[in-house]
Amino acid sequence: MDSIRIVGGNRLKGEIPISGAKNATLPLMAASLLTPETLHLTNVPRLADIGTLIKVLEQHGVEASWEPGTLTLKAEDIPNTTAPYDLVRRMRASVLVLGPLIARFGNAVVSLPGGCAIGTRPVDLHLSGLEQLGARIDLGRGYIHATAPKGLKGAHIIFPKVSVGATENLVMAASLAKGETVLENAALEPEVEDLCHCLVAMGAKIEGIGTERLVIEGVAGLHGAKHSVVPDRIEAGTYGIAAAMTGGEVDLLGMRLDLFGAAAEALRHAGVELTETEKGVRAACGNGSLVGYDVMTDPFPGFPTDLQAQYMALMSVAKGAAMITETIFENRYMHVPELMRMGANINLHGSSAMVRGVDKLYGAEVMATDLRASSSLVVAALAADGETVINRVYHLDRGYEQLEQKLAACGAEVERIAEQRAA
Ligand code: EPZ
């Protein structure tokens, strides 16, 4: 397994092109199953997760072709509506094929995704929503068996809690259901909005895009479309935090301030300067210093859980203290012991972490445990005194395109160390 070696202390200065959002690309790819025509996606990041979902789609029968930044998908002939465990377990967002398959073909057998490092990640909201649309759902031997021989029928669904994936699965399924579907308490994440815009381009009838009440009038079929993926707000937030932590200034090319939601407010209170320019968003360490500011993660537009670990690294070198509370996932603090090995002063109390700022962090050999925890270690290493080696960087490859190249172009001392293959 590869590692990444970083020598901290260089101020990041320059430009970082922000890639298309991983968490928008994945549902958009699943949407290709809704039509026999071609879906052209542009601004697509080259990431491990995208590669895994291409494999899932290809084994269904989708023709996929990739050129840098562009993914073309054509689901004309789909002989297989089973998504197998060995692929779904590697990338749980594969469960997003469920809604499109059941809506277009009336049947689907999709492996239950299982949990992951950050939590049990149930899919009960996906399944209960599909049942309300008239699907029959049976669980057996680790698989979801979904059938709707007479097709799906519109329904009024109120989500008991906000779920990005459940909203995405159900808005895709409802697009081909007979009649009207109302989704209340729908997720507001920009990636959900991006999916809705693409579905409309494919011929879907969706009202209320960008609100928590989506009204979908089912249509008989969808056609192909061309769609550019929304910028990745989590990648942008990660690099904006890195710029501030190193006392630098970085232009996040292509980023939009509105995509940050409440995170912009919190970062500014913490001393990170964010300015919208014609190129994107400039992030810098303000003329003051970084100061502790409490955050609580929340569904969009609240502070994103996917930025919590990176924000904790920022708070660990801020003046004063900050209380960080994770409300979305039950086990998203695995970066804490690794940050503490670098000298951070963090106390966990249940779902809250009290972070007391220290003068500096020190490089160390650390372990990546999940995607966003690893990026927290990267930003900490960039600001730390000395050398850090981050092991198991395959976690990073799932969500950050050309991370070393983008950081090195802004003056970071960073290199990937390929694992020595046993002779
Ligand atoms: C999406 O996951 C993202 N992944 C996650 O990003 C992100 O952290 C999460 O949304 C929250 O913003 C993709 O978009 C591919 P949820 P998702 O359904 O859809 C519970 C990353 O680092 N829940 O909004 O799985 C769930 O356990 C990843 O890029 C149920 O109880 O998240 C969680 O506590 C990590 N039942 C909460 O809801 C369900 O049926 C929010 O989950 C579904 C979810």
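This is a predicted model: local features need pLDDT of at least 70, side-chain atom pairs count only at pLDDT 80 or more; totals for chains, interfaces and linings use all residues.
View 1. Strand β13 covers residues 213-217 and pairs with β12 through three bridges. The sense of the pairing is antiparallel.

**View 2. The open sheet β10-β11-β13-β12.** Four strands make up this sheet, in the order β10-β11-β13-β12. The sheet is open and its pairing is mixed. β10 (156-158) and β12 (205-207) are the edge strands. Each has a single partner strand, so one side of each lacks a neighbour in the sheet. On average, neighbouring strands here are turned by 15° against each other, direction ignored. Strands of a sheet pair through backbone hydrogen bonds, in either a parallel or an antiparallel way.

View 3. The ligand is surrounded by 24 residues. Asp124, Leu125, Ser163, Asp306 and Ile328 are the closest. By class, the shell holds 11 nonpolar, five polar and eight charged residues.

View 4. Asp306 places a side-chain N or O atom 2.6 Å from an oxygen atom of the ligand. For Arg372, a polar side-chain atom lies 2.8 Å from a ligand oxygen atom. Pro122 takes part through its backbone: an N or O atom there is 3.3 Å from an oxygen atom of the ligand. Taken alone, the ligand exposes 830 Å², and the protein buries 87% of that.

**View 5. The open sheet β18-β19-β21-β20.** This sheet also has four strands, ordered β18-β19-β21-β20. It is open, with mixed pairing.

**View 6. Bridges along β21.** Strand β19 (residues 321-325) and strand β21 (residues 352-356) run antiparallel and are joined by five bridges. Ala321 has Arg356 of β21 as its bridge partner. β20 is joined to β21 by five bridges, again in the antiparallel sense. Here His349 has Ser352 of β21 as its bridge partner.

**View 7. The β20/β21 hairpin turn.** Two residues separate β20 and β21 in this hairpin. Gly350 sits in the turn, with a positive phi of about 65°.

**View 8. A cis peptide bond at Pro301.** The bond from Phe300 to Pro301 is cis, and its omega is near 10°. Pro301 belongs to the loop between β18 and α10. Most peptide bonds are trans, and most residues other than glycine have a negative phi.

**View 9. A positive phi at Arg141.** Arg141 is not a glycine, yet its phi is positive, near 50°. The residue is placed in the loop between β8 (136-140) and β9 (143-147).

Notes. Residues are numbered from 1 along each chain as its sequence is written. Side-chain values use heavy atoms; hydrogens and water are left out. A residue is near a molecule or strand if one of its heavy atoms lies within 4 Å of it. A polar contact is a pair of N or O atoms within 3.5 Å; within protein, one must be able to donate a hydrogen and the other to accept it, and residues adjacent in sequence count only if both atoms are side-chain atoms. Accessible areas come from the Shrake-Rupley method with a 1.4 Å probe; for residues, only the protein chains shown count as cover. Ala, Val, Leu, Ile, Met, Phe, Trp, Tyr, Cys and Pro count as nonpolar, Asp, Glu, Lys and Arg as charged, and the others, Gly among them, as polar. Two strands pair if DSSP finds at least two bridges between them. Axes are lines fitted to C-alpha atoms, for helices over the stretch in contact, and angles run from 0 to 180 degrees between N-to-C directions.
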